[in-house]
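Please read these notes with the model open.

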Amino acid sequence: MGKGERRAPERAADPPLTCLVTGASGYIGGRLVPELLDAGHRVRCLARTPEKLRDHPWSGRVEIVRGDVTDAESVARALEGVDVAYYLVHALSAGTGFEATDREAARVFAEGARRAGTGRVVYLGGLTPAGVPEAELSPHLRSRAEVGRILLAGGAPTAVLRAAVIIGSGSASFEMLRYLTERLPVMVTPRWVRTRIQPIAVRDVLRILVGCARLPTEVHRAFDIGGPEVLTYYEMMRRYAAVAELPRRLILPVPVLTPGLSSHWVGLVTPVPAAIARPLTESLRYEVVCRERDIERYVPAPPGGPIGFDRALALALERIRDARVTTRWSSAAVSGAPSDPLPTDPDWAGGSLYSDVRELDAEVPADALWDVIEGIGGENGWYSFPLAWAVRGWLDRLAGGVGLRRGRRDAHRLRAGDSLDFWRVEEIDRGRLLRLRAEMRLPGLAWLEMQVEPAKDGPPGTVRYRQRALFHPHGLLGHMYWWSVAPFHAVVFGGMARNIVHAADRAAGAPAEPVR
């Protein structure tokens, strides 16, 4: 325990605190919010797009402030009257220049917390290797370390938590481990599979984050946090295979795979795109092991101790099997994702706009049709020309995009902000409208809408399925792209509309009766 620090006093009934959570649409933030609420605290979220939080089961229990951590005015509004501020954002997916963005955001937030008199700032960063100069770290780890220093220098009492690999259903690290092990019974791997790592279960990360709300005011420092075991990535893959009851994997480390090549290799085999895989694989080059466990003086471990690696894997796999994955690594927007308004919105600024509209009237129950629409993507596919969708996904991966393999968070239900293969749910009006915004690499902006509405004509009980693809081209390349793929729209989009209606017919147990 550092000089002047004392153990947090244990009281029977501590008053609830007002907690600000940034990054609430992300993997950790989206799980932290309900944990804080269950602990009796009041929660406020700062979000650039509050609509993305609307469909979370806890959204009605929190206050949401629209804003951005780089905007001092919105940060000041969000921090007003806050006891504890959780800083859970980073610009990893913001492309080149993310270090400068992280630096500026941290400065704005630290200054805002100081001015607001915030009682505690809590930041979840990355565990850095001992004895490695910061200048030699990967940009990802270097930026995390710099953000921690900026927040500690900001003036408000701050706790910086430094974690290595976080194991939990839907985390990027877990998905990378899972797919590498499941898909490759024989693996030629980079040298970093022999590097020692101290993984930590996401449940322990959340437990510590919640516990930090009650840290004594004089605690102002960084803490290493990790699970009870130190393993190599090689051992982690072997252990995953055992827990998942897979045959023993043959792993052959080779010295020639650079971090860049490793990230593309990971991108091809797993749903994690190269842009996110690269900082993860670069970080794995270093030994990241906790040098102290001082956090347990203030946030004691549970009676059985922190969750072990095998148990963390089992819990993650159980949640996946039971379709209870509440947040995923892809919950946050990706680099290059469009943020402009839909062209039909009132504030659309004009420009060329291409559209492909398909309408079908059919005697099918509206709820059966909606169930097919909401269940689209992932394992269910896109109801037309699977090869064309697969090729488009592979081309996107080769261009550094997300591809089709992000899948779905939930097999049956969508919510605003969910990633869905290479789309993101921009709007969902359950039973009526699903609007997707493209996140694949494109020379323009694209949307896909699917609607259920009463048919204007036809027998009673007839519904209309309306499907609309929109594309706003950027420059000559954008126009050329649209006209190069337009000849395939009858097969791709036309077949998609017909097959969605037929799928609804089959689900309802009635023969297809399209109304012409």
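1. D294 touches R221 and F223, with residues up to four places away in sequence left out; contact means heavy atoms within 4.5 Å. D294 sits in the loop between α9 (274-283) and α10 (309-321). Helices (H or I, at least four residues) and strands (E, at least two) are DSSP runs, numbered from the N terminus. Why does D294 count as buried? Its relative accessible area is 17%, and buried means under 20%, exposed over 50%, partly exposed in between (1.4 Å probe, protein chains only).

2. A word on the source. This is a predicted model: local features need pLDDT of at least 70, side-chain atom pairs count only at pLDDT 80 or more, and totals for chains, interfaces and linings use all residues. Residues are numbered from 1 along each chain as its sequence is written, and side-chain values use heavy atoms, with hydrogens and water left out.

3. L161 is in strand β6. L161 counts as buried because its relative accessibility is 0%. Beyond four places in sequence, its contacts are V122, Y123, L124, G125, I208, L209, C212, F223, I225 and I295. F223 is also touched by D294. V205 is 44 residues from L161 in sequence, and their C-alpha atoms are 9.1 Å apart.

4. Which residues touch the most other members of the largest nonpolar core? They are I28, Y86 and L161, in a core of 41 residues. Such a core is a set of buried Ala, Val, Leu, Ile, Met, Phe, Trp, Tyr and Cys residues joined through side-chain atoms within 4.5 Å. At least two core residues come from each of β1 (18-22), α1 (27-38), β2 (42-47), β4 (84-87), β5 (120-126), β6 (158-163) and α6 (202-211). Another core, of 38 residues, lies apart from it; W382, L414, L436 and A469 are among its members.

5. Look next at β1. Five of its five residues are buried. T18, L20 and T22 lie on one side, C19 and V21 on the other, and both faces are covered. β1 runs parallel to β2, joined by five bridges; strands pair if DSSP finds at least two bridges between them. T22 has L46 of β2 as its bridge partner. β1 also pairs with β4, again in the parallel sense, over three bridges. There V21 is partnered by Y86.

6. β1, α1 and β2 form a right-handed β-α-β unit. Right-handed means that, with the strands pointing away from the viewer, the path from the first strand over the helix to the second runs clockwise.

7. Check the length of α3 (residues 98-116). Its 19 residues should span 27 Å at 1.5 Å a residue, and its end C-alpha atoms are 27 Å apart, which agrees. The expected span is 1.5 Å times one less than the number of residues. Buried residues of α3 include F98, E99, D102 and F109. The buried residues pack against β1, α2 (72-79), β4, β5 and α4 (139-152). Just after α3, G117 takes a positive phi of about 70°.

8. Totals, for the record. The protein has 14 helices and 20 strands. Of its 516 residues, 56% count as buried. Among contacts between residues at least 6 apart in sequence, 74% join residues at least 24 apart.
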